[in-house]
Amino acid sequence: MVRLADLPEHDREHLLGKPMDPLGPTPFVANQRPMGERRLALITTAGLHHRDDDPFRLMDSSYRVIPGDSRGDELVMSHSSVNFDRNGFQDDLNVVFPIDRFRERVDRGQLGSLADQHVSFMGSLLQPAMLEASSRQLAGLLKQDGVDTVFLTPV
Amino acid sequence: MSAIAWFLETEGLQTTGISLVREHTASLKPPRFLWTSFPLGRPLGKPNDAAFQHRVIDAALDLLDRPEGPVLEDFPEDLPDPPDVQAVCPIHFARPQAAPGSWQQRLTVELSLTSPWYELSRQRRGRTTFGVAKAPIEALVARLAHAIDQPPVEPADLAALKYALEDLKTYYQEAITAQPGHPDFRLLQQIVWRQTELGRAMLALYDRFAAHPDARLRGFARGIAPRGESGHDPAQTT
């Protein structure tokens, strides 16, 4: 079990020292359809990408596309932070990017479909406003693919 | 990540997901997140436990039905503490005094101990997460050894060094955890940083860069070692 209060002081102070002011009034899309009719995309901020893609650089606010049929042995992680555990990812991609769990949900009829493409950012050192342009561009791409729901995982 | 959710929702997409730092999510006020008490790096909690991962996903997807937001709910399950019985590192790394020579020589000797376990890991897991630097392990060892003596200053060379460090750690971590029932991630970090020539070499690199007059190298130093290791206590080194 890990809570912020349980972290070493240097880690706790580092995390709490990041400015995280509210972005404004919270946008809120009401539920419009059951899970069995939804099309869902995964977004991770773990700095994942295909082995042949360009790795993430420091302060990189761009994203990498992860094709929907990607296998675990095709993905690597180039996140710049050295302050989180990577052995969970080495053991099981799904502990960071639960693509197999969502495929199982589609197979069981618990989810309508998965997007043709998923996405990874590298969530480190970035102020929220630095992510606005790439996030809004990404929203357009996801909607073109018919996506209505996004599931986000940090690292 | 909260910001990405916030922007996507303003574009009409319904979002939900997992938060690992509750204080950040509470402050940014994205539409919906499920906070979990899991360690950084493990948002779904337990590797290779599909049932547990599905419970986390269920709880996050349930938030889509809430009539209004922001919603920040706590996942009710914590991960159990690591077992008292410590798993043993399968690789017998040499003590510092037993391995004289240049960094290149010391790292090369150690690599010969580590490589068989890395290959075993690759076979057992059916994959490797090594490969960010797009270079063979021997070239990455040489890149690290060279950087301690002659720090690079060009941005492209520094980026290549960063990818080399990450791949070297990945290679070692996968080797040390090649067998089921391997050391948990806290012990794994201690082994890499305090028992290996790789850890000693990376701390030597950190010391060199952290004291360097070039501000780019001092900044780079913060991305070499975890905060708990860069101020390492030599007395704890085994």
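Quick housekeeping. This is a predicted model, where local features need pLDDT of at least 70 and side-chain atom pairs count only at pLDDT 80 or more, while totals for chains, interfaces and linings use all residues. Residues are numbered from 1 along each chain as its sequence is written, chains are lettered from A and ligands numbered from 1 in the order in which they are written, and side-chain values use heavy atoms, with hydrogens and water left out.

Back to that strand. Helices (H or I, at least four residues) and strands (E, at least two) are DSSP runs, numbered from the N terminus. Five of the five residues in strand 7 of chain A are buried, so the rest of the structure largely encloses it. And why do we talk about two sides? Because in a regular strand the side chains alternate between the two faces of the sheet.

Now, who are the neighbours? Two strands pair if DSSP finds at least two bridges between them. Within chain A, strand 1 (residues 39-44) runs parallel to strand 7, with five bridges joining them, and Leu40(A) has Thr149(A) as its bridge partner.

Next, look at helix 1 (residues 2-10) of chain B. Eight of its nine residues are buried, so this helix too is largely enclosed by the rest of the structure. Among the buried ones are Trp6(B), Phe7(B) and Leu8(B). Their cover includes strand 1, helix 4 (132-144) and strand 7 of chain A, along with strand 1, helix 2 (22-28) and strand 2 (32-35) of chain B. Just after the helix, Gly12(B) has a positive phi of about 100 degrees.

Let's zoom out to the whole interface. Counting contact as heavy atoms within 4.5 Å, 89 residues come from chain B and 79 from chain A. The buried area, meaning the accessible area (1.4 Å probe) that two parts lose on being put together, summed over both, is about 7400 Å², and carbon and sulfur atoms give 60% of that. On the chain B side, Phe7(B), Arg127(B) and Arg227(B) lose the most area, together 11% of what that side buries.

Last topic: salt bridges, where a side-chain nitrogen of Lys or Arg sits within 4 Å of a carboxyl oxygen of Asp or Glu. Over all chains there are 26, and six are between chain B and chain A. One example is Asp58(B) with Arg105(A), with the closest N and O atoms 2.6 Å apart.

Inside chain A, Arg101(A) and Glu104(A) form another, at 2.8 Å between the closest N and O atoms. Both lie in helix 3, three residues apart, about one turn of the helix. Arg101(A) counts as buried at 9% relative accessibility, whereas Glu104(A) is partly exposed at 24%.

Note on methods. Buried < 20%, exposed > 50% of the residue type's maximum accessible area, 1.4 Å probe, protein only.
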